[in-house]
Amino acid sequence: MSEIIVEKLRHVYSAGTPFEVAAIEDIDLVIPQGQLVGIIGHTGSGKSTFIQHMNALLAPSAGKVCCGGQDINESKISRRDVKHQVGLVFQYPEYQLFEETVYKDIAFGPKNMKLSEEEIDQRVREAAGFVGVEEELFEKSPLELSGGQKRRIAIAGVIAMRPGVLILDEPTAGLDPAGCRQILDNICAYREKTGATVIIVSHNMDDVARIAERIIVFSHGRVVMDGSAGEVFSRAQELIDIGLDVPHATALALALRKQGLQLPEGIYTHEQLLSAILEIRGAAVC
Amino acid sequence: MLKDITLGQFFPGDTIAHRLDPRTKLLLVVLFIVALFQARGWVAYGVLTLTVAACMTVSHISARNIFKGLKPMIFILALTGVLNIFYTGGTPILPGWIITWEGIARAIQMVLRIVLLITGTFLLTYTTSPIALTDGLELLLNPLKKLRFPVHEMTIMMSMALRFIPTLIEETDKIMSAQKARGADFETGSLMDRAKALLPVLVPLFVSAFRRADELAVAMESRCYHGGEGRTRMKQLILKGRDYIALALGILLLAGIIYLKKWGL
């Protein structure tokens, strides 16, 4: 299917000028079909550069990216096809809305895939359903909707292409907590229904901790950690040292541990923290 | 791709060329252009080419960067060369040919003139930040204020426009990437198709440009900006010894070229 294999990936910006910088270096990753991956890293750590390699928007300076067993940069055709297979939602995707109506905007992707009218219609309705956009909105101009609605419509525009891999760059940036939760739930629903791989880049550690099966940490253009939420957040101090946040519960556990409480490492949800504390208290009472 | 446009780009550095007052550099470019159009013979062109080469060495600007900037001009350069080769009278290189020795010489000189012209102005923008450039321009044009010409307004508009070129290019790049990710195709198809394909880029670009302009106006107003009246500068421009020396050299160059012209060299 669409397993992603990244080998020795390296990308250099402005090669040959005084501004030359290597944005990412020596990235080796395998992302199996259906995994929900969270990517975290500070600003300028190379995450955005990395995800733009996943659908051949950027060509690697060295190394290669394979999707479903095929080198995506092999030819012009493979570079085009991978865009249908790997859907990329950029940061603040609402700024790319351009059509007169919501319906037409969502239909832009499928139309570019040269699908039939019925197929397009079906996909638009399905995608709108995934992100909870009602059909009453279809004939409105996307520019007159609220921020959260625009964001959902933009995501629907990518989902309508039915990508086997869905990549989202900061899908919840600038939204209120309710809007955040709704978008993440929409994305999870899409994954459950279609079995797609989902990669989410985020600064919100609580979101990542809650939904991701695997967390990849970028720092200075390299992968510095790669594992389950428990594994990654058990190295909380290291994360803080490279300038990242940790989930609330992890930060709290870290502070309590410094106070002398014998809490285990790798706590990243409030439930885990609660049960760990109860366990210690229980032991103390006995 | 779009980011590779070097036209008018500033390369930070700390050479004597970077430290010169922007007014000096602007005047030098004017002097250089006048000299360029006074050049008639090979000696004059030789002197000017050497001058440009010397300036490039001093300011650490490599020939590669200049070539990159010249690339978009290739068509104009080629056209100039070809037209001059074929439309200049004189002695044919072979009996019966239209191509003349004079034509070839003229073509080379004309192409050289344009290349030197562009290179000279590139040296200015490569070594001067846009802010310094507009500051220098404002001071140079100050006398026009007496004629009620809105110098400050004009230069602030210029510096804002320059400031936002990279931002808008970046924005265009981002929107194009986003639409490409949705399968938009900007590279193939007929002229009409390609023009239509730009719509998904232009609409969001305009929307964001207006939003940005609005935000900028609010930001400026909330910092009490109200035009040039009584406004002071953080960086005072003061002409130093090196500026006078550079200007003297510039005038010397122009005088030299005019002198050479008299002798037909």
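Student: In what order do the 6 strands of the open sheet in chain A run?

Tutor: Strands of a sheet pair through backbone hydrogen bonds, either parallel or antiparallel. Here the order is E6-E7-E8-E3-E9-E10 in chain A, with mixed pairing. The edge strands of chain A, E6 (86-89) and E10 (222-227), each pair on one side only. Neighbouring strands of this sheet are turned by 15° against each other on average, direction ignored. Two strands count as paired if DSSP finds at least two bridges between them. Helices (H or I, at least four residues) and strands (E, at least two) are DSSP runs, numbered from the N terminus.

Tutor: A word on the ground rules. This is a predicted model, where local features need pLDDT of at least 70, side-chain atom pairs count only at pLDDT 80 or more, and totals for chains, interfaces and linings use all residues. Residues are numbered from 1 along each chain as its sequence is written, chains are lettered from A and ligands numbered from 1 in the order in which they are written, and side-chain values use heavy atoms, with hydrogens and water left out.

Student: In which sense do E3(A) and E8(A) pair?

Tutor: E3(A) and E8(A) pair in the parallel sense, over 4 bridges. Within that pairing, A:Ile39 stands opposite A:Val201 in E8(A).

Student: Which strands does H6(A) lie across?

Tutor: H6(A) lies across E3, E7 and E8 of chain A, at about 160° to E8(A). Such angles run from 0 to 180 degrees between N-to-C directions, with axes fitted to C-alpha atoms, for helices over the stretch in contact (heavy atoms within 4.5 Å). Among the buried residues of H6(A) are A:Ile183, A:Leu184 and A:Ile187; buried means under 20% relative accessible area with a 1.4 Å probe, protein chains only. Just after H6(A), A:Gly195 takes a positive phi of about 70°.

Student: Where do B:Phe122 and B:Tyr126 lie?

Tutor: Both sit in helix H6 (residues 101-127) of chain B, 4 residues apart, about one turn of the helix. Ring pairs also link B:Phe11 with B:Phe122 and B:Tyr126 into a cluster.

Conventions. Buried < 20%, exposed > 50% of the residue type's maximum accessible area, 1.4 Å probe, protein only. Phe/Tyr/Trp six-rings, centres within 6.5 Å; stacked < 30°, edge-to-face > 60°.
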